[in-house]
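Student: I would like to go through this structure and ask what stands behind the terms used for it.
Tutor: Then let us look at the structure together.

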Amino acid sequence: MADEVKLFKVTIDNITVEVPAGTTILQAARKVGGDVAPPAMCYYTPLKGSGGKCRTCLVEVAAGSTADPRPMPKLVASCRTTVMDGMVVKNITSSKVIDARNGVVEFLLINHPLDCPICDQAGECHLQDLSYENGKAGTRYEFKRRTFEKYDLGPYIQLHMTRCILCYRCVFTADQVTNKRQHGVLDRGDHSEIATYIKKSLENDFIGNVIDVCPVGALTDKTFRFKNRVWFTKPVDAHRDCTKCCGKVTLWQRGDEVLRVTTRKDQWGEIMNTEDGKTGWICNECRFEKKKTSDWVIEGPTKVSRHSVISANKYIDAIVPEETIDAVMGGRAPKLLMDIHKVSDVNDPSVDLSVIPGPATGKTFTTKSSTSN
Amino acid sequence: MTWLESIYLWNIGKGMLITIKHFFKKKATIQYPEQKRTFSQVFRGLHVLNRDEEGRERCTACGLCAVACPAEAITMEAAERQKGEENLYREEKYAAKYEINMLRCIFCGYCEEACPKDAIYLSQTFAPANYGRQGFIYKKDDLLIPDPVKDPEGYKKALGERAKA
């Protein structure tokens, strides 16, 4: 058969897999899975042309192919290098790769502000994971970190340019998913920054997806800003009929409040495909406007890796013991039961964080307590 | 048993001798609350929320104490610092509400370990007794250390004996 795709045998960290010709080393390694898959900060499968910028996915090619078994002279970016038959790749088994990756992480962190306690991305940040795996606790950088003038990206998207690692993912998204590009990287070198190019607000229906592709906290959801930490919210798969997009999303809830809506992501942090094989981008309406549980059909809790902080204190199939007070007290209300909402100011049912458009301020909470008293 | 033995005089005397001996021993008790025992250097008591040198709250409501807390005693709600509040809060986000349920707290000190901003510390006092459970929900006002600029004496007192000079 002529149209049959040729299968190449690749050995990655002593594990052999068969992949079709034209697959990149990164994708082949992801097929093996686990620690063998190199980390990627800029490469993003649904985005054409992404990759090759961050250098975190560097691997050593110990043998080029069966026909030419010479090793490649330098470490190669696995997201942009295709496999050859009989290729031998070393990722975590190579000390050269580990050293290089540690160096890359150190470079990425040179200008990163490390304001994780404030950043809304903390807990699902790829740079956090990467520096936890490959970084050093200290820094050797002695100079001032780069700063930028604050730039307003409209009511939905919050830009923190200081956190940006210039992966270009959002630029590719703006190019490929939305019809009109109003978004790009300006200037060069240390001064390069993501900008909307001559103060055009981002009004495209799908521009919200740049939040999901951002590996760090440079682009975050303004409607979710500071409302809760990611790991205290509960991810739930849900869908709705949307005329613009697939409508398949993950809701991040606190109780029954929907604090945030994102696309569904796979184990590599990339947007999942829907059943028809298309990338599950979602529109701005689904992402920013539908913040009520009644807007959505809930499918069930999202599967979260057990090692992720997001899975902390979340129990699937938990057996909740039956309320025994009624049976024991013969229907009488207990005299000494303390209602926590009468005492506590936190998670007050009268303050609905999901309906306020931006971050809460001191006023949000003070006006509430005066009405409830 | 002889008559002399049956009145137990000798045994009573022996018992009294033990009692009298204890009069001259060092007492095991102290006159609390006038007197207080010195705590161990690693004693973990009530929490305080720290301020920086300028009196701004250090806590940014990052939630690491709450996620580290094995008893799930800590809850908080964050707010964004507005223009004009820079003298109150150190960072752009702050804890608008911060509560520790002292009924749940087991004083393990994990919150102190987790805090990236040096904001929460366990002090050398323990939670005072209370008649109702309501009194054990400690809010931000109860936990915040006195302002070192406005109330240096109260701040110094709150730092305790362990504070480095």
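Student: Which residues touch the most other members in the largest nonpolar core?
Tutor: The model is a predicted one. In its largest nonpolar core, which has 55 residues, the residues that touch the most other members are Cys65(B), Ile74(B), Met76(B), Ala78(B), Tyr94(B) and Ala95(B). Elements of both chains give two or more residues to this core, among them β11 (248–254) and β12 (257–263) of chain A and α3 (64–68) and β2 (74–80) of chain B. The largest share, five residues, comes from β3(B).

Student: What is Cys65(B) in contact with, leaving aside its neighbours within four places in sequence?
Tutor: Cys65(B) is in contact with Ile74(B), Cys111(B), Ala114(B), Cys115(B) and Ile120(B). A second, separate core has 54 residues, including Val10(A) and Leu159(A).

Student: Why is Phe107(B) called partly exposed?
Tutor: Phe107(B) has 17 other C-beta atoms within 10 Å. A residue is buried at 20 or more and exposed at 12 or fewer. The value for Phe107(B) is 17, so Phe107(B) is partly exposed.

Student: Where is Phe107(B), and which residues is Phe107(B) in contact with?
Tutor: Phe107(B) lies in the loop between β3 and α4 (110–114) of chain B. Leaving aside neighbours within four places in sequence, its contacts are Arg44(B) and Leu122(B). The C-alpha atoms of Phe107(B) and Cys69(B) are separated by 9.6 Å, and these residues are 38 apart along the chain.

Student: Which residues of helix α1 of chain A are buried?
Tutor: In α1 (residues 25–32) these are Ile25(A), Leu26(A), Ala28(A), Ala29(A) and Arg30(A). To be called buried, each of them must have 20 or more other C-beta atoms within 10 Å of its own. Their cover includes the strands β1 (7–12), β2 (15–20), β3 (58–63) and β5 (87–90) of chain A. After α1(A) comes Gly33(A), with a positive phi near 85°.

Student: How many of the residues in chain A that touch chain B are nonpolar?
Tutor: On that side of chain A, 13 residues are nonpolar, five are polar and two are charged. The contact takes 20 residues from chain A and 23 residues from chain B. Helix α9 (residues 362–372) gives the most to the side of chain A, with three residues.

Student: What share of chain A is buried?
Tutor: Of the 373 residues in chain A, 38% are buried. Chain A has nine helices and 13 strands.

Notes: Residues numbered from 1 in each chain as written. Chains lettered and ligands numbered in written order. Predicted model: local features only at pLDDT ≥ 70, side-chain atom pairs only at ≥ 80, totals over all residues. Helix = DSSP H or I, 4+ residues; strand = E, 2+ residues; numbered from the N terminus. Core = buried A, V, L, I, M, F, W, Y, C linked by C-beta atoms within 7 Å. Contact = placed C-beta atoms within 7 Å. Nonpolar A, V, L, I, M, F, W, Y, C, P; charged D, E, K, R; others polar.
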